Amino acid sequence: MSVAQTNLWFTELQNDNLTIGLRIEKTIHSEKTEYQQLDVYKTVQYGNLLVLDGCIMTTDKDEFVYHEMLAHVPLHTHPNPKSVLVVGGGDGGIIREVIKHPSVERAVLAEIDGRVVEASKKYFPHIASGLSDPRVDVQIVDGIRYVEEHPNEFDVILIDSTDPVGPAVGLFQRPFYESVFRALKEDGLMAAQTESPFINQDLIRQVYGDVRATFPIAKLYLAYVPTYPTGMWSFTLGSKKYRPQDVREVRVHDTKYYNRDIHHASLVLPNFVKELVGE
């Protein structure tokens, strides 16, 4: 039977009223890790697909949008990031983007599930390519605890979490952002993925409010990831000193989505999103 004739589908229940379906050629890998169900599928439209607990994490075809935007907006906001922590992100995509910055001397990946790292190296080598860089320190640890135990150590902290369920719930709560504040140097900043403005309004209000109460500067920005719920995706940046809107030049040009104009455009919010964050 040809691929066009197959009728195998992966369907993600994005909420009680919304699904996304991708036609698949085959299941490449499936296992129950210590923390979650991990599956890799070969899809017709988006190449290899990484799924955790039934939720789409990344695909070959559109991964660059999310990884570039979570990394490069905050890293260009900081004028000289040398020490960077990525919490979550076991696929390695954020790390790959972080080490494109010539100033970065050390990039720590704090991922709770080592099986995600190993599966990504095997099935998503182009995403995980940066994990072998000598500047990268992969720590298979609870990211919340790691942040608590490393005060005043990082210039930038990037929170590449799964959806706010299971082991990721604590990554969306104010005590964690307060720990992140303490783990940053005096001019440090953070950014986190904060879900879809169309279907996660309460979460965005909560997270933005917590970040704004913790950091002197808070800013929401947007990108468009086709396989994430509704396509419109938000990120929340918290900074002790630097403002993303002040960026004039960018240092990294080896990108497929991000550039200087996209940096500034991502900060321009539709009215309904402005209302969510009180702008």
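Buried means under 20% relative accessible area. All the views below come from a predicted model.

**View 1. The whole chain.**
The secondary structure comes to 8 helices and 12 strands. Along the principal axes, the C-alpha atoms fill a box of roughly 60 × 45 × 35 Å. A compact globule of 279 residues would have a radius of gyration near 19 Å, and the chain, with 18 Å, agrees. Buried residues make up 57% of the 279 residues. Of the contacts with a separation of 6 or more, 66% are between residues 24 or more positions apart. The chain exposes about 11,800 Å², and carbon and sulfur atoms supply 48% of that area.

**View 2. The Phe-10 and Tyr-41 ring pair.**
Both Phe-10 and Tyr-41 are buried. The model's count of aromatic pairs comes to 8. Phe-10 and Tyr-41 form a tilted one, with 5.4 Å centre to centre and 35° between the planes. Phe-10 lies in strand E1 (residues 9-15) and Tyr-41 in strand E3 (residues 37-43), so the pair ties together parts that are 31 residues apart in sequence.

**View 3. The Phe-181 and Phe-215 ring pair.**
The ring centres of Phe-181 and Phe-215 are 5.1 Å apart and the planes stand at 65°, so this pair is edge-to-face. Phe-181 belongs to helix H5, and Phe-215 to the loop between H6 and strand E11 (217-224). The pair therefore ties together parts that are 34 residues apart in sequence. Phe-215 is buried, at 3%.

Helix H5 spans residues 174-183, and Phe-176, Tyr-177, Ser-179, Val-180 and Ala-183 are buried in it. These residues cover an arc of only 155° around the axis, which puts them on the same side of H5. An α-helix has 3.6 residues a turn, so residues three or four places apart point the same way. On the other side of H5, Pro-175 and Arg-182 are exposed. Cover for the buried residues of H5 includes strand E6 (83-88), helix H4 (143-148), strand E9 (154-160), strand E10 (184-193) and helix H6 (201-214).

**View 4. The largest nonpolar core.**
This core has 46 residues. Those with the most contacts inside it are Tyr-66, Ile-94, Val-98, Leu-158, Tyr-221 and Phe-235. Helix H1 (residues 63-77) gives the largest share, 8 residues. Another core, of 30 residues, lies apart from it, and includes Val-87, Val-207, Ala-218 and Val-273. In soluble globular proteins, nonpolar side chains tend to be buried together.

**View 5. Around Phe-235.**
Which residues does Phe-235 contact, leaving aside neighbours within four places in sequence? They are Tyr-66, Met-69, Leu-70, Ala-192, Gln-193, Thr-194, Lys-219, Leu-220, Tyr-221 and Ala-223. Ring pairs also link Phe-235 into a cluster with Tyr-66, Tyr-221, Tyr-228 and Trp-233.

**View 6. Pro-74 in helix H1.**
Pro-74 is found in helix H1. This proline is buried, with a relative accessible area of 0%. Not counting residues up to four places away in sequence, Pro-74 touches Met-69, Val-156, Leu-158, Leu-189, Ala-191, Tyr-221 and Leu-237. Pro-74 and Ala-192 are 118 residues apart in sequence. In space, their C-alpha atoms are 9.7 Å apart.

Conventions. Residues are numbered from 1 along each chain as its sequence is written. This is a predicted model: local features need pLDDT of at least 70, side-chain atom pairs count only at pLDDT 80 or more; totals for chains, interfaces and linings use all residues. Side-chain values use heavy atoms; hydrogens and water are left out. A nonpolar core is a set of buried Ala, Val, Leu, Ile, Met, Phe, Trp, Tyr and Cys residues joined through side-chain atoms within 4.5 Å. Buried means under 20% relative accessible area, exposed over 50%, partly exposed in between (1.4 Å probe, protein chains only). Helices (H or I, at least four residues) and strands (E, at least two) are DSSP runs, numbered from the N terminus. Contact means heavy atoms within 4.5 Å. The arc is that of the directions from the helix axis to the C-beta atoms. The radius of gyration is taken over C-alpha atoms; the globule rule is 2.2 Å times the number of residues to the power 0.38. Accessible areas come from the Shrake-Rupley method with a 1.4 Å probe; for residues, only the protein chains shown count as cover. Rings of Phe, Tyr and Trp (its six-membered ring) pair if their centres lie within 6.5 Å; planes under 30 degrees apart count as stacked, over 60 as edge-to-face and the rest as tilted.
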